[in-house]
Amino acid sequence: MRENIILGIETSCDETSAAVVADGKKIMSNIIASQIPVHRKFGGVVPEIASRKHVELISSVIGEALEEAGVTFQDISAVAVTYGPGLVGALLVGVSSAKALAYSLELPLVGVNHIESHIYANFLANPALRFPLICLVVSGGHTDLVYLEGHGKFSLVGRTRDDAAGEAFDKVARAMGLGYPGGPLIDRLAVDGDPKAVAFPRAYLEGDSLDFSFSGLKSSALNYLNKAVMKGDDINKADLAASFQQAIVDVLVDKALAAAVRVDVKTILLAGGVASNSRLRKELDVKAANRGIRIVYPPPVLCTDNAAMVACAGYYKYIRGEVAPLSLNAVAGLKLGADRY
Ligand code: KG4
Ligand code: ZN
């Protein structure tokens, strides 16, 4: 049988990416043009600059993805694109490009939710994963616990009520003068620090809630830094990084395990940029093993934004016949499982 070759396109934030993936599992190419160096001097993503950069890069990134995969447009079965959630101006670049390709080449168009694509990064490496599953999605914009009943069947069992975990990492790293994006820098610095050096709060919220809150922890870390500066104290940055990271990891690990136990699921998936965090992976691995739960996570390059995960999620939607009309629009606040077409 002919393979289903999907061209994936991702422009929801600061990575311009295009990928060619066969049957949702064979990555033929995954080109990622990161804008991180452009945004670094501003300490975070500047939406207007991100949109303009996507416009500059998108055609060549798509061309490169086809070339590296050794295919032409004639070999493509469908075009899958992220249409939300994300920065609306950035999303529009990918959506417009995908629509232009679908229209001119008479190819099916598939609109993909960005969170869904992060989850599906796990199926790229492990297509044989068995449902039901719990996925902890931890990125710069989201911290969600998702129950997966089957392909395309998701329900949210927990979410952050304020900051996302990645956002907290980025803001504290910025205040520490580490740079952008902060998560990987704190992760590296923490290796030489003592996670018990600074007593930071852990927000478990009421009773058995599976929701998260990181704004109190963020404020606490920022206050700690401000006080030290005012008193002229030296800060041990490695200890601070390790203690702050541990406070985030403790809550993420406890709630992910609690979710799996509550819905009686034996496999937890990790997804999103923060899923690369070495401490999170290690602690979840150890604590889950004690409870007979398996932890699955994608390789780091598939955790942060990339188009291979979009092509993978798009493949499963395409074979279910969930094709979008050419009127597909970008939806900045798109919710998981609430397709707008
Ligand atoms: O998934 P992603 O590329 O973009 C969003 O959809 O938000 O995630 C980016 C986020 C950033 O906040 C970055 O600091 C964080 O992931 N991140 C990490 C690590 N690598 C990336 N956070 C903690 N530890 C890491 N190793
Ligand atoms: Zn993302």
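In the predicted model, a nitrogen atom of ligand 1 lies 2.9 Å from an N or O atom in the side chain of Asp187, a polar contact being a pair of N or O atoms within 3.5 Å. An oxygen atom of ligand 1 is 2.7 Å from a polar side-chain atom of Asp170, and an oxygen atom of ligand 1 is 3.0 Å from a polar backbone atom of Gly273. The protein buries 89% of the 550 Å² that ligand 1 exposes when taken alone (Shrake-Rupley method, 1.4 Å probe).

The model is predicted, with local features requiring pLDDT of at least 70 and side-chain atom pairs pLDDT 80 or more, whereas totals for chains, interfaces and linings use all residues. Residues are numbered from 1 along each chain, ligands are numbered from 1 in the order in which they are written, and side-chain values use heavy atoms, without hydrogens and water.

Ligand 1 is surrounded by 21 residues (a heavy atom within 4 Å). Five of the shell residues are nonpolar, 13 polar and three charged, with Gly counted as polar. Helix 6 contributes the most, four residues. At least three residues come from each of domain 1 (5–119 + 303–319) and domain 2 (131–298), with bounds from an automatic or database assignment.

His118 in helix 4 and Asp305 in the loop between helix 10 (300–303) and helix 11 (307–319) are 187 residues apart.

Methods: A polar contact is a pair of N or O atoms within 3.5 Å; within protein, one must be able to donate a hydrogen and the other to accept it, and residues adjacent in sequence count only if both atoms are side-chain atoms. Helices (H or I, at least four residues) and strands (E, at least two) are DSSP runs, numbered from the N terminus.
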